[in-house]
Amino acid sequence: MSHQANISASKVAIALGSNLGDSIATLEAAIKALERTPGIEIVIVSSWYQTKAIGPSQPDYINGCVSILTEQEPHSLLQILLEIEREFGRIRQERWGPRTLDLDLLLYDDLILETATLQIPHPRIQERAFVLVPLAEIEPNWVEPVSGKMIQELVKVVDCTSVNLIGNG
């Protein structure tokens, strides 16, 4: 029996971040949780980066990105990401506050979507070096559909000085 590529699968970019607890262990466990989810296949995982936190005073973040193929529709995928966050103790208290795990749906093929609960591409993707640096590492030629620019172009116009490579994912 031959395996055929699933033509209905969509390519999706997800950002991962953590600044509470053993962040790298949490991030790697979150990737394993994604891998175990039916209809999700991990394509490539970026290196890990240490980045300064935005918002209230808090520890530095560990950030990375993952590219997946999925059969999940955008809203279903968002619910899966929120459930994985909850599994790892994520409690949403303050905007931009510290967190055990943050999973953001960044890009979904070349879709532009804006609903009450989900915006794709992620609304702040173009200004966030901690997202663009790991994303450019794994998907430099992906075109961000709002700007029409490749990720490798977007990363050149943000300040990346607070994003430091710490290891491979």
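In helix H3, the residues Ala-129, Phe-130, Val-131, Leu-132, Val-133, Pro-134, Leu-135, Ala-136 and Ile-138 are buried, where buried means under 20% relative accessible area, exposed over 50% and partly exposed in between, for a 1.4 Å probe and protein chains only. Nine of the 10 residues of H3 (residues 129-138) are buried, so this helix is largely enclosed by the rest of the structure. The model is predicted: local features need pLDDT of at least 70 and side-chain atom pairs count only at pLDDT 80 or more, while totals for chains, interfaces and linings use all residues. Residues are numbered from 1 along each chain as its sequence is written, and side-chain values use heavy atoms, with hydrogens and water left out.

**Overall layout**

- The protein chain has four helices and 10 strands; these are DSSP runs numbered from the N terminus, with helices (H or I) of at least four residues and strands (E) of at least two.
- Starting at the N terminus, the order of elements is β-α-β-β-β-α-β-β-β-α-β-β-α-β.
- The protein chain has 169 residues, and 45% of them count as buried.
- Among contacts (heavy atoms within 4.5 Å) in the protein chain with a separation of 6 or more, 68% join residues 24 or more positions apart.

**Nonpolar cores**

- In soluble globular proteins, nonpolar side chains tend to be buried together.
- A nonpolar core is a set of buried Ala, Val, Leu, Ile, Met, Phe, Trp, Tyr and Cys residues joined through side-chain atoms within 4.5 Å.
- The largest such core has 25 residues, and Ile-14, Leu-16, Leu-34, Ile-68, Ile-84 and Leu-105 have the most contacts inside it.
- At least two residues of this core come from each of strand E1 (10-18), helix H1 (23-35), strand E2 (40-45), strand E4 (61-70), helix H2 (74-87) and strand E5 (102-108).
- A second, separate core has 21 residues, including Leu-107, Ile-138, Ile-151 and Leu-154.
- Apart from neighbours within four places in sequence, the contacts of Leu-16 include Leu-27, Ala-30, Ile-31, Trp-48, Ile-62 and Leu-103.

**Helix H2**

- H2 has 14 residues and spans 20 Å from its first C-alpha to its last, close to the 20 Å expected at 1.5 Å a residue; the expected span is 1.5 Å times one less than the number of residues.
- Its buried residues are Pro-74, Leu-77, Leu-78, Ile-80, Leu-81, Ile-84 and Glu-85.
- Seen down the axis of H2, these buried residues fall within an arc of 160 degrees, so they line one face of the helix; the arc is that of the directions from the helix axis to the C-beta atoms.
- Gly-89 follows H2 and has a positive phi, near 85 degrees.

**Backbone exceptions**

- Most residues other than glycine have a negative phi, and most peptide bonds are trans.
- Asp-109 has a positive phi near 50 degrees, and it lies in the loop between E5 and strand E6 (113-114).
- With a relative accessible area of 30%, Asp-109 is partly exposed.
- The peptide bond from Ile-120 to Pro-121 is cis, with omega near -5 degrees.
- Pro-121 is in the loop between strand E7 (119-120) and H3.

- Ile-166 is in strand E10 (residues 163-167) and counts as partly exposed, at 39% relative accessibility.
- Ile-166 and Gln-50 are 116 residues apart in sequence, but their C-alpha atoms are 6.4 Å apart in space.
- Lys-11 lies over the face of Trp-142, at 4.5 Å from the ring centre; a charge sits over a ring if NZ of Lys or CZ of Arg is within 6 Å of the ring centre and within 35 degrees of the ring normal.
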